[in-house]
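Subject: Structure handover

Hello,

Here is the structure I promised to pass on. Please open it first, then read my notes beside it.

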Amino acid sequence: MDADTIPPDFSLLPDDIKICFHPNSHQATQFFHFEGYQGPHYARPMESDASTPRARPWAPFRTRLNFEIAELMLESHLNTKQVDVLLSLFQKAINHPDDFTLSRARDLEKIWAEARQTRGTGFEHKTITVPYKKAEIPFQVSVRPLWSWIMELVDDPNLVPLFWWDAERHYRYGGKEWERFVDEPWMANDWWDIQVINVQCTS
């Protein structure tokens, strides 16, 4: 499909998004309505109209979940700063649900165990000297070769599907014409030019 050919079953609206892939990727141009491009909206459930203590035994907390979380914080003897941090993390988990994958203590224990086993793996220890007041001051540093780190990431089957390998160009429909926007590295010109083939999307 040509980059500017809109599918017959797609009704073009203002703010719709077009994604044009680099020719080397052999992927067809995609079109999205704005809400679909942004991802799902997470609607909050409506709160109960019940107002009596019997109907809402967790009052004055607005919801039972609020009460249960507050009760756990109290039992854990968290200080004010820790409570603020934890509540902030809850909000992040709500706003970005895909970023939070822990579901039980065993998951967390496994991750900590893996972190302990791999800590420091691949690092090289070197001594560097820094001139200071006519003297050379030695410092012991641990470094990790960048290329080795990249190869380790590429060899990880869990990470490879998350990488963006091909350049893309994203456009927003302003009502009369498409306007290009860039908010990720793989949407920029350099990434596109690296793949050499002439551009098929409107610049």
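Predicted model: local features only at pLDDT ≥ 70, side-chain atom pairs only at ≥ 80, totals over all residues.

A charge sits over a ring if NZ of Lys or CZ of Arg is within 6 Å of the ring centre and within 35 degrees of the ring normal. Lys-18 lies over the face of Tyr-171 in this way, 4.9 Å from the ring centre.

Aromatic pairs

The whole structure was searched, and seven aromatic pairs turned up. Take Trp-164 and Trp-186. Their ring centres are 4.3 Å apart and their planes are at 10°, so this pair is stacked. Planes under 30 degrees apart count as stacked.

Where do Trp-164 and Trp-186 sit in the chain? Trp-164 is in the loop between α5 (146-154) and β5 (168-173). Trp-186 is in the loop between β6 (178-181) and α6 (189-194). The two are 22 residues apart, and the pair links distant parts of the chain.

Is Trp-186 buried or exposed? Trp-186 is buried, because its relative accessible area is 15% and the limit for buried is under 20%. Trp-164 is partly exposed, at 40% relative accessibility.

Trp-186 has another partner. With Trp-191, Trp-186 forms an edge-to-face pair. The centres of Trp-186 and Trp-191 are 6.3 Å apart, with 85° between the planes. Trp-191 is partly exposed, with a relative accessible area of 27%.

Look also for a cluster of rings. Phe-10, Phe-31, Tyr-173 and Trp-178 make up one aromatic cluster.

The second largest pocket

Trp-164 and Trp-186 come up again here. Which residues lie nearest the centre of the second largest pocket? They are Trp-164, Glu-168, His-170, Trp-186 and Met-187. In total, 16 residues line this pocket. The elements that give two or more residues to the lining are β1 (17-21), β2 (30-32) and β5. The volume of the second largest pocket is about 450 Å³.

What kinds of residue form the lining of the second largest pocket? Nine are nonpolar, three are polar and four are charged.

Salt bridges

Side chains of opposite charge can pair when their charged atoms come close. How many salt bridges does the structure hold? It holds four.

Start with Arg-172 and Asp-15. Their side chains meet at 2.5 Å, N to O.

Glu-179 is partly exposed, with a relative accessible area of 35%. Shared partners join Asp-15, Arg-172 and Glu-179 into one network.

Another salt bridge is between Arg-104 and Asp-107, whose closest N and O atoms are 3.6 Å apart. Asp-107 is partly exposed, at 23% relative accessibility.

Best wishes

Notes: Residues numbered from 1 in each chain as written. Heavy atoms only, no water. Phe/Tyr/Trp six-rings, centres within 6.5 Å; stacked < 30°, edge-to-face > 60°. Helix = DSSP H or I, 4+ residues; strand = E, 2+ residues; numbered from the N terminus. Buried < 20%, exposed > 50% of the residue type's maximum accessible area, 1.4 Å probe, protein only. 1 Å grid on protein atoms, 1.4 Å probe; cavity = no way out; pocket = protein on both sides within 12 Å on 5 of 7 lines; lining within 4 Å. Points joined across faces, edges and corners; volume = space filled by probe spheres on them. Nonpolar A, V, L, I, M, F, W, Y, C, P; charged D, E, K, R; others polar.
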